Amino acid sequence: MPILFLYRHYLEIALKDALDRSKVFDLSQSEEKFGHNLAKLWGEAEGVLRQFVCADWLVPVESAVEAFNAIDRRADAFRYATNPEGDPQMPKSAHVVYHELITQMDDVHAAIDLAIDEIRIQETELDQTIDDAVARDRT
């Protein structure tokens, strides 16, 4: 199910991007700090994102993290048809309601994008405050 792999990957990369933009950690360190562990990544990202958006906005993000993490802890269940032992990654009885998945991931995208926009706005305001202070000091 390639679409599930892509959505899971998007969620991981978007959370790492938000953490990087907030200057909480350097993106180059994400592999050693989080790997592909969504639960660990969410544990760090949730507190940071709550500084920029209200908790209600993050409910779909947390729900998606929990769902993907329950099925795919190693980020390979949707990438390969079989696991390293040769067994199917997904049970034959598994199914996905695509319109619900798309709606939920649209909500995830909106929440993370809003947080990143707020991070950018606050960073711009802080930069302007610093520039103003430096200009005052020079006069």
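At what angle do helix H1 and H4 pack, and how far apart are their axes? The points below begin with that pair; the model under discussion is predicted.

1. Helix H1, residues 2-21, packs against H4 at an angle of about 125 degrees, and the two axes lie 11 Å apart. That angle makes H1 oblique to H4, since an angle between 115 and 145 degrees is neither roughly perpendicular nor roughly antiparallel. The crossing of this pair is left-handed.

2. From H1, the residues Leu4, Tyr7, Arg8, Leu11 and Leu15 take part in the contact, and they meet Val61, Ala64, Val65 and Phe68 of H4. Sorted by class, the contact of H1 with H4 comprises eight nonpolar residues, one charged residue and no polar residues.

3. Helix H3, residues 38-49, also packs with H4, here at an angle of about 170 degrees and with the axes 10 Å apart. The two helices are therefore roughly antiparallel to each other, a description that applies to angles over 145 degrees.

4. On the H3 side of this contact are Leu38, Ala39, Trp42, Glu46 and Leu49, while H4 contributes Leu58, Val61, Glu62, Val65, Phe68 and Asn69. The classes in the contact of H3 with H4 are eight nonpolar, one polar and two charged residues.

5. H4 has a further partner in H5: their axes come within 8 Å and cross at roughly 125 degrees. H4 and H5 are therefore oblique to each other, and their crossing is left-handed.

6. In the contact between these helices, Trp57, Pro60, Val61, Ser63, Ala64 and Phe68 of H4 meet a set of H5 residues, among them Leu101, Gln104, Met105 and Val108. This contact of H4 with H5 has twelve nonpolar, two polar and one charged residues. Phe68 of H4 deserves attention when the model is inspected: Phe68 takes part in the contact with H1, in the contact with H3 and in the contact with H5.

7. Which helices each supply at least two residues of the lining of the largest pocket? They are H4, spanning 55-71, and H5, spanning 98-138. The volume of this pocket is about 260 Å³.

8. The lining of the largest pocket includes Leu4, Ala67, Phe68, Ile71, Leu101 and Gln104. Phe78, Met90, His95, Val96, Val97 and Glu100 also line the pocket. By class, the lining divides into nine nonpolar, two polar and one charged residues.

Conventions: Residues numbered from 1 in each chain as written. Predicted model: local features only at pLDDT ≥ 70, side-chain atom pairs only at ≥ 80, totals over all residues. Heavy atoms only, no water. 1 Å grid on protein atoms, 1.4 Å probe; cavity = no way out; pocket = protein on both sides within 12 Å on 5 of 7 lines; lining within 4 Å. Points joined across faces, edges and corners; volume = space filled by probe spheres on them. Helix = DSSP H or I, 4+ residues; strand = E, 2+ residues; numbered from the N terminus. Nonpolar A, V, L, I, M, F, W, Y, C, P; charged D, E, K, R; others polar. Axes fitted to C-alpha atoms, helices over the stretch in contact; angles between N-to-C directions. Parallel < 35°, antiparallel > 145°, perpendicular 65-115°, else oblique. Left-handed = near helix turned anticlockwise from the far one by under 90°. Contact = heavy atoms within 4.5 Å.
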